[in-house]
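Have the viewer open as you read.

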Amino acid sequence: MALRSGSAAIIGGLLIWCLAGCAETRPESALQSAEVRQAAAKALVSLDRWMVCWKGATPEFDGRIGQGEYDDATPFEWNADWVEAMKQDITSRQDLDFNGWVKHDGEHLYLAFNITDDLFYGIETERWLPHQDEFAHVIGERERGRPWFGDMIEILIFGRMLEIGEPVSDVTGDGRGIQIIYNLTKSLEGGIGVPGMLPHGPNRTVENWENNRRWILDDIIETRTVIRDVEDRYTVEVRIRLDGGIEIQENQYWTDGMPDTPIGFNLAIGDVDEASMSPDGLLHHETWWAGKTVPQDSGPRVKLWGALVLTSKAKPDFGH
Ligand SMILES: [Ca+2]
Ligand SMILES: [Ca+2]
């Protein structure tokens with residue numbers, strides 16, 4: 001009798017455990033493996049800064065953040081943990097504020113941003129030039145142009161972090177490190193005045209330049225923007241093709257159905273307003289999710305990363 005009630009208790013316990021999420025391991029538990037911890041430590045990927053990229057519904061790719069469109073995604077927002085790289089601190093929510101989401105639908109990785117900015121550079125201000133670079137707005141040349149100059153988003157991906165396990169000083173535009181720029185008022189495909197993507201520069205390697213161009217021209221990365229100047233905000237949707245985009249080993253791309261996989265990931269949000277607010281001719285703000293770079297004992301500075309855990313699982317708790 002005692003045995004039977006004990007068994008019932010165990011079965012009851014299992015039933016409750018299964019109803020609560022059962023055999024599904026949460027994707028972030030992948031960050032606890034010794035292999036991941038060792039590779040991340042060497043690659044300067046902070047495991048204290050992580051998000052899960054759940055599989056969710058395909059959003060309507062129109063630049064708008066629709067009601068409920070990202071309820072099945074991981075949200076993020078600006079807070080004091082973001083690292084400001086410019087001298088000017090963010091002093092008010094009107095100056096710069098943002099929130100966003102990340103998810104995938106099995107085909108594309110989606111990022112969405114809702115950015116509050118009181119002055120849209122080149123729209124509500126003159127398209128003033130930094131004093132040190134009259135060619136800041138040259139587009140389509142590897143050695144000239146400041147793609148990041150303006151209201152912008154930098155997207156960084158280190159897909160082969162686990163395999164390589166070394167810090168990144170300069171990206172190559174593939175699984176060894178991607179850094180690519182969204183700008184609110186210029187783009188490779190649309191020119192001045194059209195929001196979209198630009199290769200990182202100036203003076204990055206030829207390999208990186210060509211990989212960034214390929215990403216943009218072959219639609220591995222695409223963007224949609226809606227500017228709501230009356231509300232002092234703009235919204236951006238970015239989609240990145242998993243196949244051909246998210247390289248986790250040489251020539252191997254993460255696809256739906258693969259195990260939970262952490263990759264290096266980072267975002268920077270940039271803000272330019274009037275020239276008087278950028279006394280050094282740089283951005284007014286450039287704020288980083290996982291920090292920007294750190295010096296090494298010798299050699300160039302190396303990049304900092306957080307972790308994005310790619311999973312085929314759906315977010316367990318949305319809508320409940
Ligand atoms: Ca949308
Ligand atoms: Ca601005």
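**A helix and what it packs on**

The buried residues of H4 pack against strand E7 (178-183), strand E10 (196-199) and E11. Here, helices (H or I, at least four residues) and strands (E, at least two) are DSSP runs, numbered from the N terminus, and two residues are in contact if their C-beta atoms, placed from the backbone, lie within 7 Å. Bear in mind that this is a predicted model: local features need pLDDT of at least 70, side-chain atom pairs count only at pLDDT 80 or more, and totals for chains, interfaces and linings use all residues. Residues are numbered from 1 along each chain as its sequence is written, while chains are lettered from A and ligands numbered from 1 in the order in which they are written.

Which residues of H4 are buried? They are Asn208, Asn211, Asn212, Trp215 and Ile216. Buried takes 20 or more other C-beta atoms within 10 Å of a residue's own, exposed 12 or fewer, and partly exposed is in between, with C-beta atoms placed from the backbone. Looking down the axis of H4, the buried residues fall within an arc of 135°, so they line one face of the helix; the arc is that of the directions from the helix axis to the C-beta atoms. Exposed Val206 and Leu217 sit on the face turned away from that buried side. Just after H4, Asp219 has a positive phi of about 60°.

Now for the sheet. It is open, with 5 strands in the order E2-E4-E5-E12-E11 and antiparallel pairing; strands pair if DSSP finds at least two bridges between them. E2 (74-77) and E11 (221-228) stand at the edges with a single partner strand each, so one side of each lacks a neighbour in the sheet. E11 is joined to E12 (residues 233-241) by 8 bridges, and Ile227 has Tyr234 in E12 as its bridge partner.
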